[in-house]
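Here's a quick briefing to read with the model open beside you.

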Amino acid sequence: MRGGRLTGAQQNALDELWPYYGIGHHQTVLDFDDYFDRRADVIVEIGFGNGESTWRMAQQEPDKNFIGVEVHQPGVGHLLMALDANGIENVRIAREDAVGFLQRRIPADSLAGIRIYFPDPWPKKRHHKRRLIQPEFVRQMARCMAAGGILHLATDWQPYATHMLQVMQSSQAFSNLSPTGDYCWRPDWRARTKYEQRGERLGHEVRDLLYQKLA
Ligand SMILES: C[S@@+](CC[C@H](N)C(=O)[O-])C[C@H]1O[C@@H](n2cnc3c(N)ncnc32)[C@H](O)[C@@H]1O
């Protein structure tokens, strides 16, 4: 977990709401039925930040179950408060590193979608290896996703968008849904995120990348 200063309200949310919304850190493969009271397509959102986009999409897509994964405690607290305040039932949260979470806990071919909005861009060349979107992680996501599932990436950092395109092009498991073979327009159902709004204020162009998992 990454620390950071928690407000009193976030700490209360972690104390009181985590037992309901939280997915504990275990080694065993998840049974989604243990966490959701109905069967539905499961979408994983990785690195949800303060979770504003998470609860909004869960509200807009009530027919789906969502699992948000985030390492930043205040963000987890913020999302817990928003879920409670808005009466949202179709989200559960894992507060751990998404790489290990997918590897250990997600059954093969089980996810209808993975959404990764504005992952840390790591602009310096010597830090590029820290970027989340790497061939090995793409293989892991492919293992987790059902055929036909949608992988949705977005970034406001053009060099990272180019990197994402290159990494995804080298995967045999996904087909790019862009009519031009590169980027897509932001779909209406993707709420704008906090980090995205920061990028827009800085004049950054936002890139959405959409891929379908092949059979
Ligand atoms: C640049 S922020 C974007 C947050 C949010 N998606 C948004 O657009 O406002 C990236 C987020 O990813 C989280 N993160 C980075 N690496 C992660 C990992 N391996 N597992 C889970 N979360 C991660 C960070 O804590 C951070 O909140």
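In which sense do β2 and strand β3 pair, and over how many bridges? β2 and strand β3 (residues 65-69) run parallel and are joined over five bridges; strands count as paired if DSSP finds at least two bridges between them. Bear in mind that this is a predicted model, where local features need pLDDT of at least 70, side-chain atom pairs count only at pLDDT 80 or more, and totals for chains, interfaces and linings use all residues. Residues are numbered from 1 along each chain as its sequence is written. Helices (H or I, at least four residues) and strands (E, at least two) are DSSP runs, numbered from the N terminus.

**The sheet**
- Eight strands make an open sheet with mixed pairing, in the order β1-β4-β3-β2-β5-β6-β8-β7.
- At the edges sit β1 (22-23) and β7 (174-176), each of which pairs on one side only.
- β7 goes antiparallel with strand β8 (residues 207-213), over three bridges, and Phe174 stands opposite Lys213 in β8.

- Five of the five residues in β2 (residues 42-46) are buried, where buried takes 20 or more other C-beta atoms within 10 Å of a residue's own, exposed takes 12 or fewer, and partly exposed is in between, with C-beta atoms placed from the backbone.
- In a regular strand, side chains alternate between the two faces of the sheet.
- Both faces of β2 are covered, with Val42, Val44 and Ile46 buried on one side and Ile43 and Glu45 buried on the other.
- Glu45 has Gly68 in β3 as its bridge partner.
- To get from β2 to β3, the chain goes through helix α2 (residues 52-60) in a right-handed β-α-β crossover; right-handed means that, with the strands pointing away from the viewer, the path from the first strand over the helix to the second runs clockwise.
- β2 also runs parallel to β5, with four bridges between them, and there Val44 is partnered by Ile114.

**Around the ligand**
- The ligand has 22 residues around it, and Gly47, Gly49, Ala98, Thr193 and Tyr195 come nearest; a residue is near if its C-beta atom, placed from the backbone, lies within 6 Å.
- α4 (98-105) and α7 (194-201) each put at least two residues into this shell, and α7 gives the most, with three.
- By class, the shell holds eleven nonpolar, five polar and six charged residues.
- Here Ala, Val, Leu, Ile, Met, Phe, Trp, Tyr, Cys and Pro count as nonpolar, Asp, Glu, Lys and Arg as charged, and the others, Gly among them, as polar.

**Helix α1**
- The 14 residues of α1 (residues 8-21) should span 20 Å at 1.5 Å a residue, and the end C-alpha atoms are 19 Å apart, which agrees; the expected span is 1.5 Å times one less than the number of residues.
- α1 bends by about 40° at Asp15, with Pro19 following within four residues; the bend is the angle between axes fitted to the seven residues ending there and the seven starting there.

**Loop residues worth a click**
- Asp109, in the loop between α4 and β5 (111-117), has a positive phi of about 55° without being a glycine.
- Asp109 counts as partly exposed because it has 13 C-beta neighbours inside 10 Å.
- Phe118, in the loop between β5 and α5 (135-144), also has a positive phi, near 60°.
- Phe118 is buried, because 21 other C-beta atoms lie within 10 Å.
- His72 lies in the loop between β3 and α3 (73-85) and is partly exposed, with 17 C-beta neighbours inside 10 Å.
- His72 and Arg95 are 23 residues apart in sequence but 7.6 Å apart in space, C-alpha to C-alpha.
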